[in-house]
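Please read these comments on the charged side-chain pairs alongside the coordinates.

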Amino acid sequence: MNTKEDNIKVAMSGDNFYNENSSLQELLIIKAMERSKKAIQELALNFGNLTTMVIADYGCSQGKNSILFLQLLLREMKMPQSCQLYFNDLLDNDWKSFFETLQKNSHLLHSQSSQMYPSVIANSFFDQLLPSGSVHLGFSGCSFHWMSSNPQRTVNYHPMDEPRNELETSLHLKYKASSVKDWDRIMKARSAELVSGGKLIITAGAFEDGNHGWTLWKKVLMDAPEQLLQDGMITSDELARFMLPVAFDRTEAMVRDSCRRFGLQLDHFEIPKLVCPMFAKFQSHQDINRYAQEYTKWIEAVSRFMIEQALDANRSAGAP
């Protein structure tokens, strides 16, 4: 999600590629179903007599996981006569795939007792997107971990890791400060948008680490570009931009403090750890090539657009 200051853009790979290769994100939403049900049921008690409800989905991407949440909502709550659905992502999002997904599930938008009216907001969720006091239910399916700017990196060091020297300590502290600042921006904006008694449901999680979790992901996205630099395939400036701007350091204490400062009540905090779904399949089929292909597609789904941004603009098509 980009800002005016840093020009970084976090968009998922297009042509429905993200929809087809986001099994982890889908699992995390499913994992959070019980807690989401509870929040929706409480929302129904708070606003049982509404004639119009406003629902916002922050970071909808190509819509697959938005539909998953919408199905849960329709199962658990008698919808008001009219619902305004706002789907948010960046202007660079693959909106064509999103609208195709929405069209395939258009039956969810209409019933005898309720009509849903979808709209899109193509802007950064780090800023307020809707009028103050207008949103009854907000949802974010695995998107609020994205940062507004790229952390600085050096060869062989990612600022999320523990520092080993003075330079790495400086980069690590800057990264943590940026993570807190970004989370505050998100919470400040959502706090302004929510009505009193409204609910904000955020899903997030992590792999159980080891050779098939963050360790492998980091190895692919950190070590591979360093090898490309050694081989003369990319420049040092391009290497510095080869980063995924993600925040994995948001603790319950940090989230709770931010909620308190912006007038939000934290009902529940949990970071579920999942076994990598691609690795779980591999344990069954034992085909290493298939595992590599599936894992590569998942990484590509969330990183291809950002990797392309890291390359110099004057590279010719097909150049190494």
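The points below go through the salt bridges and the solvent exposure of their partners.

1. The model is a predicted one, and this should be kept in view when reading each contact. In total, the structure holds 14 salt bridges. Three of them, listed next, are taken up here.

2. Lys37 and Glu34 form a salt bridge, with 3.3 Å between the closest N and O atoms. Both residues belong to helix 3 (residues 33-46), where they sit 3 residues apart, about one turn of the helix. Lys37 has a relative accessibility of 23% and so counts as partly exposed. Glu34 counts as exposed because its relative accessibility is 56%, and the cut-off for exposed is over 50%.

3. Lys38 pairs with Glu42 in a salt bridge whose closest N and O atoms are 2.8 Å apart. The two are separated by about one helical turn, because they lie 4 residues apart in helix 3. Lys38, at 38% relative accessibility, is partly exposed. Glu42 is also partly exposed, at 25% relative accessibility.

4. In helix 6 (residues 166-193), Arg190 and Glu193 are 3 residues apart and therefore separated by about one helical turn. A salt bridge joins Arg190 to Glu193, the closest N and O atoms being 2.8 Å apart. Are these two residues buried or exposed? Both Arg190 and Glu193 are buried, that is, under 20% relative accessible area.

5. Shared partners also link salt bridges to one another: Lys38, Glu42, Lys199 and Asp267 are joined into one network.

Conventions
Residues are numbered from 1 along each chain as its sequence is written. This is a predicted model: local features need pLDDT of at least 70, side-chain atom pairs count only at pLDDT 80 or more; totals for chains, interfaces and linings use all residues. Side-chain values use heavy atoms; hydrogens and water are left out. A salt bridge is a side-chain nitrogen of Lys or Arg within 4 Å of a carboxyl oxygen of Asp or Glu. Buried means under 20% relative accessible area, exposed over 50%, partly exposed in between (1.4 Å probe, protein chains only).
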